[in-house]
Amino acid sequence: MRHDLTHDAEGGTSTPMLLARSHHASVRSLERYARPGVDAVARHVAERDPAARRRR
């Protein structure tokens with residue numbers, strides 16, 4: 001399940017959906033299993049950067 005949750009988190013799945021899918025009661029417990037990698041975090045930030053969106 002850890003692998004699937006990580007991929008879902010990297011893909012942008014919302015925290016409430018990750019919690020529901022994993023049956024965790026808190027974000028703190030979910031953190032152990034949904035661990036997006038550095039590349040996924042960088043991609044997420046770049047996609048949401050207002051300056052980058054204006055350049056498109």
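**View 1. Contacts of Leu30.** Apart from neighbours within four places in sequence, Leu30 is in contact (heavy atoms within 4.5 Å) with Leu5, Thr15, Leu18, Leu19, Ser22 and His24. This is a predicted model: local features need pLDDT of at least 70, side-chain atom pairs count only at pLDDT 80 or more, and totals for chains, interfaces and linings use all residues. Numbering starts from 1 along each chain as its sequence is written, and side-chain values use heavy atoms, with hydrogens and water left out.

**View 2. The largest nonpolar core.** Six residues form this core: Leu5, Ala9, Leu18, Leu19, Leu30 and Ala34. A nonpolar core is a set of buried Ala, Val, Leu, Ile, Met, Phe, Trp, Tyr and Cys residues joined through side-chain atoms within 4.5 Å. Buried means under 20% relative accessible area, exposed over 50%, partly exposed in between (1.4 Å probe, protein chains only). Of the 56 residues of the protein, 18% count as buried.

**View 3. The largest pocket.** About 280 Å³ of space lies here. The lining has 16 residues, and the closest to the pocket centre are Ala9, Thr13, Thr15, Leu18 and Pro36. Two or more lining residues come from each of α1 (2-10), α2 (15-22), α3 (27-30) and α4 (38-48). The largest share, four residues, is from α4. On a 1 Å grid over the protein atoms alone, a pocket is an open set of points where a 1.4 Å probe fits, with protein on both sides within 12 Å along at least five of seven lines; lining residues have an atom within 4 Å of a point. Grid points are joined across faces, edges and corners, and the volume is the space filled by probe spheres set on the points.

**View 4. His23 in its loop.** His23 is found between α2 and α3. Its phi is positive, about 65°, although His23 is not a glycine. Most residues other than glycine have a negative phi. At 70% relative accessibility, His23 counts as exposed.

**View 5. The whole chain.** Helices (H or I, at least four residues) and strands (E, at least two) are DSSP runs, numbered from the N terminus. Among contacts between residues at least 6 apart in sequence, 41% join residues at least 24 apart.
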